[in-house]
Amino acid sequence: MDCQEFVNLMSGFVDGDLVADQAADWQTHLDHCPDCSQFFQSFQSSRDIIRFLKSKPCPLEISRRLHDLVVRQLSRCKNRSADGTPKSD
Ligand SMILES: [Zn+2]
C-alpha cells in the first residue's frame with residue numbers, strides 16, 4: 001500500500017468499513033510510515049474537535065447573528081435582478 005492509498009482508505013478504516021485484509025495492510029502502513037502516522041493523528045484530532053463542537057448547542061447570540069445575516073442577505077437578493085444588478089422599478 002502506498003501513501004495515497006492509505007489516505008484514500010483512512011475514513012473507511014476509522015468507520016470500520018474495510019475488509020480484514022485491507023484493514024491489516026492499512027494498519028501495517030500506519031505502523032511503518034511516519035508521514036502517514038502523523039497525518040492520521042491530525043485527522044483523528046480534527047474528528048475529535050468536530051465531535052466536540054457538534055455536542056455543544058449553538059449559543060443564542062450566534063443564532064441571532066446568523067439569522068440576521070441570512071435575512072439581510074435574502075432581502076438584498078430580492079432587490080436584485082437575476083444578473084446581480086439592482087432592480088430599477
Ligand atoms: Zn505513508
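Asp 25 is partly exposed, because 15 other C-beta atoms lie within 10 Å of its own, and a residue counts as buried only at 20 or more and as exposed at 12 or fewer. This residue belongs to helix α2. The C-alpha atom of Asp 25 is separated by 8.9 Å from that of Phe 6, although the two residues are 19 apart along the chain.

The model described here is predicted. Its mean pLDDT is 85, and 88% of the residues reach 70 or more. Helix α2 (residues 20-32) has the highest confidence, at a mean of 96, while helix α4 (residues 60-78) has the lowest, at 83.

**Overall make-up**

The protein contains 4 helices and 0 strands. Along the sequence the pattern reads α-α-α-α. Of the 89 residues, 3% are buried.

**Individual helices**

Helix α1 (residues 3-14) has 12 residues, which should span 16 Å at 1.5 Å a residue; its end C-alpha atoms are 16 Å apart, so the two values agree. After α1 comes Gly 16, with a positive phi near 75°.

Helix α3 (residues 34-55) has 22 residues. From its first C-alpha to its last it reaches 32 Å, close to the 32 Å expected at 1.5 Å a residue. How many of the 22 residues of α3 are buried? The number is 1, so α3 lies largely in the open.

**How α1 meets its partners**

Two packed helices are described by the angle between their axes and the distance between the axes. The table gives these values for two pairs that involve α1.

| Pair | Axes come within | Crossing angle | Handedness |
|---|---|---|---|
| α1 and α2 | 10 Å | roughly 120° | left-handed |
| α1 and α3 | 11 Å | roughly 20° | right-handed |

The contacts can be listed by residue. On the α1 side, Phe 6, Leu 9 and Phe 13 meet Gln 22, Ala 23, Trp 26 and His 29 in α2. Towards α3, the α1 residues are Cys 3, Phe 6 and Met 10, which meet Asp 35, Cys 36, Phe 40 and Phe 43.

An α-helix has 3.6 residues a turn, so residues three or four places apart point the same way.

Conventions:
Residues numbered from 1 in each chain as written. Predicted model: local features only at pLDDT ≥ 70, side-chain atom pairs only at ≥ 80, totals over all residues. pLDDT = per-residue confidence, 0-100. Expected span 1.5 Å × (residues − 1). Axes fitted to C-alpha atoms, helices over the stretch in contact; angles between N-to-C directions. Left-handed = near helix turned anticlockwise from the far one by under 90°. Contact = placed C-beta atoms within 7 Å.
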